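This report reads a single model from its overall makeup down to individual side chains. Please keep the sequence and the coordinates in view while reading.

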Amino acid sequence: MVESVVEGTSGVDPQFEADAHIAFILEHPGMSDWLKTALQEALPRDPIAVLNDLEILNLVLRKRSEALIIGMFVK
């Protein structure tokens with residue numbers, strides 16, 4: 001996993017590629033304000049702190065969202 005992040009997948013500079021994806025999301029009218037705000041606030045932060053926070057968000061929000069979705073079908 002780390003290897004693919006460091007080396008990239010397309011032969012393009014990984015930071016350039018990531019910045020292009022971020023720019024696309026920030027400019028896209030269909031992307032949520034929540035996502036855009038999270039990206040904008042993450043950019044100046046320490047990348048290790050961002051990765052740590054991403055792991056926590058992924059674990060907590062994924063579990064909560066899955067529980068809510070399952071709850072919708074159980075009722």
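A residue is called buried when its relative accessible area is under 20%, exposed when that area is over 50%, and partly exposed in between, with a 1.4 Å probe and with protein chains only. The model is predicted, so local features need pLDDT of at least 70 and side-chain atom pairs count only at pLDDT 80 or more, whereas totals for chains, interfaces and linings use all residues. Residues are numbered from 1 along each chain as its sequence is written, and side-chain values use heavy atoms, with hydrogens and water left out.

The protein chain holds four helices and zero strands, where helices (H or I, at least four residues) and strands (E, at least two) are DSSP runs numbered from the N terminus. Of its 75 residues, 8% count as buried.

In helix 2, the buried residues are Glu17, Ile22 and Ile25. Seen down the axis of helix 2, its buried residues fall within an arc of 135°, so they line one face of the helix; the arc is that of the directions from the helix axis to the C-beta atoms. Turned away from this buried side is a face of helix 2 with the exposed residues Gln15, Phe16 and Glu27. Helix 3 (33-42) is included in what covers the buried residues of helix 2, contact meaning heavy atoms within 4.5 Å.

Elsewhere, Trp34, Ile56, Leu57, Leu59, Val60 and Leu61 make a nonpolar surface patch of about 630 Å². Patches are made of residues with over 30% relative accessible area and no salt bridge, like charges being joined within 9 Å and nonpolar side chains (Val, Leu, Ile, Met, Phe, Trp, Tyr) within 5 Å. Helix 4 (residues 47-74) gives the most to this patch, with five residues.

A salt bridge is a side-chain nitrogen of Lys or Arg within 4 Å of a carboxyl oxygen of Asp or Glu, and by this rule the count comes to one. Asp53 forms a salt bridge with Arg45, and their closest N and O atoms are 2.9 Å apart.

| Residue | Relative accessible area | Class |
|---|---|---|
| Val60 | 52% | exposed |
| Asp53 | 32% | partly exposed |
| Arg45 | 37% | partly exposed |

Note on methods: Accessible areas come from the Shrake-Rupley method with a 1.4 Å probe; for residues, only the protein chains shown count as cover.
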